[in-house]
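Please examine the structure shown below. The paragraphs that follow lead through some of its contacts, its packing and one of its sheets.

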Amino acid sequence: LVLWSKEHAESLHAESLPMIRKGRKGVYKAVKEQVSIPETVKAIKGALSPGSAIIACIPGSESGVNLADLISIWLGLLANGSGNRPFPAGDRRNKHLQSSVLKGIAGCRAIREVCGCAWEEVRDSCRELGLPMVVKPVQSAGTDGVKLCHSMKAVEEHFRHLQATQRKIASSDHAILLQEFMVGQEYVVDQVSRDGVHKTIMTWVYEKQPANGSDFVYLAMRPVETKECPSDLIPYTRSVLDALDIQNGATHTEVMMTADGPCLIEVNVRVMGGNGSFISLARLLTGTSHADAVLDCIDQKRFDALPDVPRAFQASGLVVFLISYSSGIVASTPGYEVMKKMDSFLELHTSISPGSAVEVTVDTFTFAGILVLAGSEDQIWADIVEVRRLEKEGLFCFTETNRFQCGGA
């Protein structure tokens, strides 16, 4: 049963359903969030097949986190490892709240930041953060609305831009964050929890760089064995979950390893996104995935059987975010065909086909697809060199009034 929250834009429903149905048999029923939680629960029960019962409510994206918690509480599902109780300090998704909570925890470094809804509220205090400075929405996903500003003029301009625009992931909180720019290696720790017990399912390293005028464009996500991670990374991340009273379900936590130790970027109380592109690779490397493990939380025995940290990897792998340096209507996809023949090719996740409109890549919403590679490390790196060449020379042939153009320039 799919429950669409009010925060999930209806324009995204058609894009999301194919991903929800992928690899599954049967027809999914869909219910929209109603004017109240009791009315929403009534709609859910009305959509159930005879003899069926809800055993868990799991958020599929950032916009469903709070609704999933409320439905879990209303239906009494907390005992099933589904959902979390409201956090007394406010909305757990609020990045400013997350950092504020950590400042009161001994040994937990928190990012220096200023938060406000009006420029006049933050203009003077934000100067203490120094330059460059990161400006972003207090609630968002991926790199939506995130900008690295190198002058106070740029800080003010992006702040006012965020005030005037609607983010791609809708939010009930319109405050804006101004943060110090941290230097270090960014890690991702994917975990699941049941009754306050946390287990690490996978650790990753993000690779980003500026592209197409955007400061933070994801290039790849590299799986890292736990033994290769800094020794304080996982204990720090679990302290963050405890501080936010996250008892159940999946968490996707981004942490910067700085010269002063680990520092929270943000924690997302949901399974990793990326359209599920990580699942097959994670299963190949460790025998499970973040999406599989969150289902294990529903059953105590299955949760207990999960290891505290992932097993040793059985191969090497890489999740590659494809960058488009061109825009237009796609006539053909020659770059895709080359990738599918690569020795380390595992999967290609894309909705782009002839007739699709492609934009230049500036964030997670404008990727030209997600390529998953697996095999020997040497072969993967040889293939990634070819992938980056294809991106520059053109993944697609474009057509405009019967004129065909391959490539980017």
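A polar contact is a pair of N or O atoms within 3.5 Å; within protein, one of the two must be able to donate a hydrogen and the other to accept it. The model to which this criterion is applied here is a predicted one. In this model, the side chain of Thr203 lies 2.5 Å from the backbone oxygen of Val224. Thr203 belongs to strand 8, which spans residues 197–211. Is Thr203 buried or exposed? Its relative accessibility is 0%, and a residue counts as buried under 20%, so Thr203 is classed as buried. Beyond its neighbours within four places in sequence, Thr203 is in contact with Val188, Val189, Arg222, Pro223, Val224, Glu225, Thr226 and Cys229.

Attention now turns to a pair of helices. Two packed helices are described by the angle between their axes and the distance between the axes. For helix 2 (residues 37–47) and helix 3 (residues 65–74), the angle is about 75 degrees and the axes are 10 Å apart. Helix 2 is therefore roughly perpendicular to helix 3. The residues that meet are Ile37, Pro38, Thr40, Val41 and Ile44 on the side of helix 2, and Leu67, Leu70, Ile71 and Trp74 on the side of helix 3. Classified by residue type, this contact of helix 2 with helix 3 comprises eight nonpolar residues, one polar residue and no charged residues.

The next element is a sheet. Strands of a sheet pair through backbone hydrogen bonds, either parallel or antiparallel. Here, four strands in the order 3-6-4-5 make up an open sheet with antiparallel pairing. Strand 3 (113–116) and strand 5 (147–149) are the edge strands, each pairing on one side only. On average, neighbouring strands of this sheet are turned by 25 degrees against each other, direction ignored.

Within the sheet, strand 6 (residues 176–180) pairs with strand 3 in the antiparallel sense over four bridges, and Leu177 of strand 6 is the bridge partner of Cys115. Helix 4 (residues 95–102) packs on the sheet and touches strand 3, strand 4 (133–137) and strand 6; the direction of helix 4 makes about 135 degrees with that of strand 3. Strand 4 and strand 6 run antiparallel and are joined by five bridges, with Gln179 in strand 6 as the bridge partner of Val134. Helix 6 (residues 152–164) lies across strand 3, strand 4, strand 5 and strand 6, at about 5 degrees to strand 4. Why is strand 6 largely enclosed by the rest of the structure? Five of the five residues of strand 6 are buried, which accounts for that description.

How values were computed
Residues numbered from 1 in each chain as written. Predicted model: local features only at pLDDT ≥ 70, side-chain atom pairs only at ≥ 80, totals over all residues. Heavy atoms only, no water. Axes fitted to C-alpha atoms, helices over the stretch in contact; angles between N-to-C directions. Helix = DSSP H or I, 4+ residues; strand = E, 2+ residues; numbered from the N terminus. Parallel < 35°, antiparallel > 145°, perpendicular 65-115°, else oblique. Contact = heavy atoms within 4.5 Å. Nonpolar A, V, L, I, M, F, W, Y, C, P; charged D, E, K, R; others polar. Pairing = 2+ DSSP bridges. Buried < 20%, exposed > 50% of the residue type's maximum accessible area, 1.4 Å probe, protein only.
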